[in-house]
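Reader: I am new to this and would like to learn how to read its features. Please take them one at a time.

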Amino acid sequence: MKFKPMTEQDYQRLGETLSQLAPQGAMSLEKLDGFFAALHAGPEAIKPVDCLPTILGAAFDDEAAFASPKVLEKFVTQVMGHWLEIARTLANGEDFYPWLDADEHGVVHGNDWAEGFSEGMQILYDDWTLLFDDAEAAGALAPIMALAFEHHPDPEMRPFLDGASAEQKAEWLGEISASVAQIYRFFAALRQEMEDAESDANDD
């Protein structure tokens, strides 16, 4: 699909559609952004159309979720547009800025974004262990996982039992961009090593 930059109106409509489908378990735009970031930065890029059931929840099987085929087509186009925005950003080595929504008080939490990233990791989880096992690179996941598990139902899974301070939260949020870039470079390097090894094997 040819890259066409998303407009502010495109994002507004995408966010509104996802909000309308939230009662059926659809991701928010913030969570979708984290989900896509993980799919792009991780071991192997996965087509977003293959993830629509995860993105839409019960709305995926609900024929009444979209008013018409044209509305559904527009939604899929916007989802693809956002997917390509992230792909282009990471492939070009540009700064990645996560989509983080503020609450009614104007406070940015980032938990939905990090939970989306964590959910994206589950798809190829076994391959993500390559990052977990790398002592130097694994640290890139720390701020993302801290946000993802900040309010986990199991207290033992939370990074801070009594909640993180505003300063700690700000630090985690500020590290997201660099973390995504580092994770992307880590897996890109592994893929390149595998391609080089296959090429050398074929030459022999």
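Author: Start with burial: a residue is buried under 20% relative accessible area, exposed over 50% and partly exposed in between, with a 1.4 Å probe and protein chains only. This is a predicted model, in which local features need pLDDT of at least 70 and side-chain atom pairs count only at pLDDT 80 or more, while totals for chains, interfaces and linings use all residues. Residues are numbered from 1 along each chain as its sequence is written, and side-chain values use heavy atoms, with hydrogens and water left out.

Reader: What share of the 204 residues of the protein chain counts as buried?

Author: The share is 38%.

Reader: How many helices and strands does the protein chain have?

Author: Helices (H or I, at least four residues) and strands (E, at least two) are DSSP runs, numbered from the N terminus. The protein chain has 8 helices and 0 strands.

Reader: How does the radius of gyration of the protein chain agree with that of a compact globule?

Author: The radius is taken over C-alpha atoms, and the globule rule is 2.2 Å times the number of residues to the power 0.38. For 204 residues the rule gives a value near 17 Å, and the protein chain has 18 Å, which agrees. Along the principal axes, the C-alpha atoms fill a box of roughly 55 × 45 × 30 Å.

Reader: How is a pair of aromatic rings described?

Author: By the distance of the centres and the angle of the planes. Rings of Phe, Tyr and Trp (its six-membered ring) pair if their centres lie within 6.5 Å; planes under 30 degrees apart count as stacked, over 60 as edge-to-face and the rest as tilted. By this rule there are 10 aromatic pairs. One of them joins phenylalanine 36 and tryptophan 83 edge-to-face, at 5.1 Å centre to centre and 80 degrees between the planes.

Reader: Which helices hold phenylalanine 36 and tryptophan 83?

Author: Phenylalanine 36 lies in helix H2 (residues 29-41) and tryptophan 83 in helix H4 (residues 69-91), so the pair ties together parts 47 residues apart in sequence. Phenylalanine 36 is buried at 0% relative accessibility, and tryptophan 83 is buried at 7%.

Reader: What is the geometry of the pair of phenylalanine 117 and tryptophan 128?

Author: The ring centres are 5.8 Å apart and the planes stand at 75 degrees, so this pair is edge-to-face. Phenylalanine 117 lies in helix H5 (residues 111-123) and tryptophan 128 in helix H6 (residues 125-132), so the pair ties together parts 11 residues apart in sequence. Phenylalanine 117 is buried, at 0% relative accessibility. Ring pairs link Phe117 and Trp128 with Phe96, Trp113, Phe186 and Phe187 into a cluster.
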